[in-house]
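Q: I'm new to this one and would like a close look at a single part of it. Could you walk me through that part and then show me what else is going on around the fold?

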Amino acid sequence: MNNTVTDLLDGAVRQTHGPVAQRRVLIVHNPVAGWRRSARVARVRQELEALGCTVRMEATDHAGHAEQMLRSLRPGLFDVVAISGGDGTINEAINGLGAEAPVLAVIPNGTANVLAQEIGLPEHPTQIARLIAEGEPATIYTGTANGRRFAMMAGVGFDAHVVAAVTPKLKRRLGKAAYVWRSLTLSRHFDYLPYRVRIDGTDAVAMSAIAANGRFYAGRHLCAPEARLDRPGFHVCLFARGGAYNVIRYGAALLVDRLPTLPDFEIRRATSVDIEGQTGEPVQADGKIVATLPVRIRTVDAPIRILRPHESADVSPDGRR
């Protein structure tokens, strides 16, 4: 990588830790995300500098670049690394975080922003900047799918195939509607085959399965009501039935926060999940295809530090304040 973050900043931002509002912040962003998202990042930077922070911007130019950047960071250069993007970009970032990494912050700029919804992030640039400049770190636990870290969920089945079918170009054009469109087109000819799911050593069969770290899915839609990021382990969501009708039924229930009430939807708690099916089928995590079957899903023992509002911990199990 030419002009790595370390090369650019060696000596430029080295300073002792000062008051809270003088944090050294690295913002990693996608320069081709669109003018609205770029303007949002620029406003956050402006607000951070007004609060006394030292800010450096670094742009990504290809898939996986955010992960490469964070792996190249020399410990001690920054107090906070703020990721501007959606869940996929955050997924890259957490896979690049080392043991001595700065505190993670999120500037929500993606399609669904599930992690941002989960931890109750504000949307206004001024509030985001104040959280980055003054917020206290909290810890969250992550999982791995075949060794690849994820923050919110990992899943197999119909939803993973939808994620695989949504291209970046389609997502830029349609936003969230890209997933709805692909769901409708795939549901008519999808091969609904069962998966063998081993949950802490106990076997189950499902047509789709999601290992959930948090409550929400596809935005602020309730999937696993009692899952918490600040506790290790997963809530494994098992969909018992396949077919286009049931895909639509499950999706409609999710949209109105009624999915956990369906009799053919089951949630089991676990620390380890092993899933088998047709070898090579996609596994999605945080809205990215990160592995193929068979997959081993595990909790990472060491949590990561993230800036989140204190009030986000006061959300009731049904997902409402």
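Is Thr292 buried, partly exposed or exposed, and what is its relative accessible area?

A: Happy to take a look. Keep in mind that this is a predicted model. Thr292 is partly exposed, because its relative accessible area is 40%, and partly exposed covers the range between the under 20% of buried residues and the over 50% of exposed ones. You'll find Thr292 in strand S18, which covers residues 288–292. If you set aside the neighbours within four places in sequence, Thr292 is in contact with Asn146, Gly280, Glu281 and Val283. Take Glu281 from that list: Glu281 and Thr292 are 11 residues apart along the chain, yet their C-alpha atoms are separated by 5.2 Å.

For a contrast, hop over to Asp264. This residue sits in the loop between helix H10 (244–255) and strand S15 (265–270). Asp264 counts as buried, because its relative accessibility is 10% and the cut-off for buried is under 20%. Again leaving out neighbours within four places in sequence, the residues in contact with Asp264 are Leu238, Phe239, Ala240, Arg241, Arg249 and Tyr250.

Now zoom out for a moment. The protein has 10 helices and 20 strands. Of its 321 residues, 52% are buried. Its exposed surface comes to about 14,900 Å², with carbon and sulfur atoms supplying 51% of that. As for contacts with a separation of 6 or more, 75% of them are between residues 24 or more positions apart.

With that in mind, let's go through some helices. Helix H4 is largely enclosed by the rest of the structure, because eight of its 10 residues are buried. The buried ones are Asp87, Ile90, Asn91, Glu92, Ala93, Ile94, Asn95 and Gly96. One partner of H4 (residues 87–96) is helix H3 (residues 65–72): the two pack at an angle of about 25 degrees, and their axes are 7 Å apart. That angle makes H3 roughly parallel to H4, and the crossing of H3 with H4 is right-handed. On the H3 side, the residues involved are His65, Ala66, Glu67, Leu70 and Arg71, and they meet Glu92, Ala93, Asn95 and Gly96 in H4. Sort the residues of this contact by type and you get three nonpolar, three polar and three charged.

Another helix pair to look at is H7 with H9. Helix H9 covers residues 177–187, and its buried residues are Ala178, Thr185, Leu186 and Ser187. Their cover includes helix H7 (158–165), helix H8 (168–174) and H10. In H7, the contact involves Phe158, His161, Val162, Val163 and Ala165, while H9 brings Tyr179, Arg182, Ser183, Leu186 and Ser187. The residues of the H7 and H9 contact divide into six nonpolar, three polar and one charged. Leu186 and Ser187 tie these lists together: both meet H7, and both are among the buried residues of H9.

Note on methods. Residues are numbered from 1 along each chain as its sequence is written. This is a predicted model: local features need pLDDT of at least 70, side-chain atom pairs count only at pLDDT 80 or more; totals for chains, interfaces and linings use all residues. Side-chain values use heavy atoms; hydrogens and water are left out. Axes are lines fitted to C-alpha atoms, for helices over the stretch in contact, and angles run from 0 to 180 degrees between N-to-C directions. Helices (H or I, at least four residues) and strands (E, at least two) are DSSP runs, numbered from the N terminus. Angles under 35 degrees count as roughly parallel, over 145 as roughly antiparallel, 65 to 115 as roughly perpendicular and the rest as oblique. A crossing is left-handed if the near helix is turned anticlockwise from the far one by less than a right angle, and right-handed if clockwise. Contact means heavy atoms within 4.5 Å. Ala, Val, Leu, Ile, Met, Phe, Trp, Tyr, Cys and Pro count as nonpolar, Asp, Glu, Lys and Arg as charged, and the others, Gly among them, as polar. Buried means under 20% relative accessible area, exposed over 50%, partly exposed in between (1.4 Å probe, protein chains only). Accessible areas come from the Shrake-Rupley method with a 1.4 Å probe; for residues, only the protein chains shown count as cover.
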